[in-house]
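Subject: Structure for you to look at

Dear colleague,

Here is the structure I promised to pass on, with my notes below it. Please read them alongside the sequence when you have a moment.

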Amino acid sequence: MKGYTTKSIHTFYTPDIHDGAVIPPLHLSTTYGIGNARGYDYSRSGNPTREVLEATVAALDGNAFGLAYSSGSAVLANIVALLGKEERILFSSDAYGGTYRFIVHVAHPQGIGYDITDFSDLNQVEDVLKKKKTKVIWMETPTNPILKLADITALGKLAKEHGVWLVVDNTFASPILQRPATHGADIVVYSTTKYTHITQVCNFCEGMT
Ligand SMILES: *Cc1c(COP(=O)(O)O)cnc(C)c1O
C-alpha cells in the first residue's frame with residue numbers, strides 16, 4: 001500500500017512518455033484536437049493539469065473522485081445550485097464568514113432557505129432535521145477562525161438517518177490531519193488558498209513527512 005507522501009506525488013500522474021516531465025506540466029490550452037487518446041475536448045469539462053490535482057486530493061482523502069473549482073466559495077455556490085425547490089441548507093453559527101455571507105446575502109435572496117445551529121449541540125441539529133426540509137448540512141471542523149470542533153461521525157449518522165448530504169469543509173485540518181469521508185461525510189471541501197503555509201503544518205505531523 002502506498003504511503004501518504006507517495007500518494008501525494010504518484011497518484012495519477014506518471015512522467016509523460018513524450019517529454020519525460022516529472023512535475024505535471026501546466027496545460028493552458030482551452031481546446032483539444034478531436035480524437036486525442038485521453039478524450040479531452042474543452043478545458044471546462046476536463047484539463048490534464050486539473051485532473052492531476054483532482055485525483056490527488058481525492059486519493060489523499062480516500063474519496064472516489066474530486067472536482068477542482070476556482071475557489072472554495074465556488075464549491076458552496078455549486079452545492080447550493082443543486083438544491084431542489086424548498087430544500088434548505090443547515091450550517092453552524094460559527095461557520096467561515098464568507099460561507100455565512102454567501103448563504104445569507106446571496107443564496108437566500110434567490111430563494112434558498114437556510115437554518116443556523118450550534119453543531120456542538122446535536123439535539124439542536126436533530127430538531128432542525130425533523131422540522132425542516134434540509135438537504136445539505138455544511139459543517140466545518142475546526143472552524144475558521146475560532147477552531148471550534150464538531151463531531152463528524154455523529155453528524156454523519158444524523159445526516160444518513162434523515163437522507164441529508166453531509167458536506168465537511170476540511171480546510172483547516174487538511175487531509176493530512178483529518179479525512180472526513182472515512183467518518184461519514186458525503187462531500188469534502190477545501191479552500192486551497194489557505195495552503196501557502198502547508199510545509200509548516202507538516203512539520204508537526206510526525207511520521208508523515
Ligand atoms: C477561505 C475559506 C473558504 C472560502 O474559500 P475561498 O477560496 O476564499 O473562496 C471556505 N471555508 C473556509 C474554512 C475558509 O477558510
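In these notes, contact means heavy atoms within 4.5 Å, and helices (H or I, at least four residues) and strands (E, at least two) are DSSP runs numbered from the N terminus. This is a predicted model, in which local features need pLDDT of at least 70 and side-chain atom pairs count only at pLDDT 80 or more, while totals for chains, interfaces and linings use all residues. Residues are numbered from 1 along each chain as its sequence is written, and side-chain values use heavy atoms, with hydrogens and water left out.

I begin with helix H4 (residues 97-107), where Gly98, Thr99, Phe102, Ile103, Val104 and Ala107 are buried; buried means under 20% relative accessible area, exposed over 50% and partly exposed in between, with a 1.4 Å probe and protein chains only. These buried residues of H4 pack against helix H3 (72-81) and strands E1 (88-92), E2 (113-117) and E3.

A nonpolar core is here a set of buried Ala, Val, Leu, Ile, Met, Phe, Trp, Tyr and Cys residues joined through side-chain atoms within 4.5 Å. The largest such core has 18 residues, and Phe119, Ile137, Met139 and Leu166 have the most contacts inside it. Helix H5 (122-131), strand E3 (134-140), helix H6 (152-161) and strand E4 (165-169) each supply at least two of its residues, with H6 giving the most, 4 residues. Apart from this core lies another, of 17 residues, which includes Leu76, Ile79, Val104 and Val136.

Oxygen atoms of the ligand lie 2.9 Å from a polar backbone atom of glycine 72, 2.8 Å from a side-chain N or O atom of asparagine 144 and 2.9 Å from a side-chain N or O atom of serine 191, where a polar contact is a pair of N or O atoms within 3.5 Å.

The backbone also deserves a look. Cis peptide bonds join threonine 141 to proline 142, with omega about -5°, and asparagine 144 to proline 145, with omega about 10°; proline 142 and proline 145 are both placed in the loop between E3 and H6. Leucine 147, in the loop between E3 and H6, has a positive phi of about 60° although it is not a glycine.

Best wishes

Notes: Polar contact = N/O pair within 3.5 Å; in protein donor to acceptor, adjacent residues only side chain to side chain.
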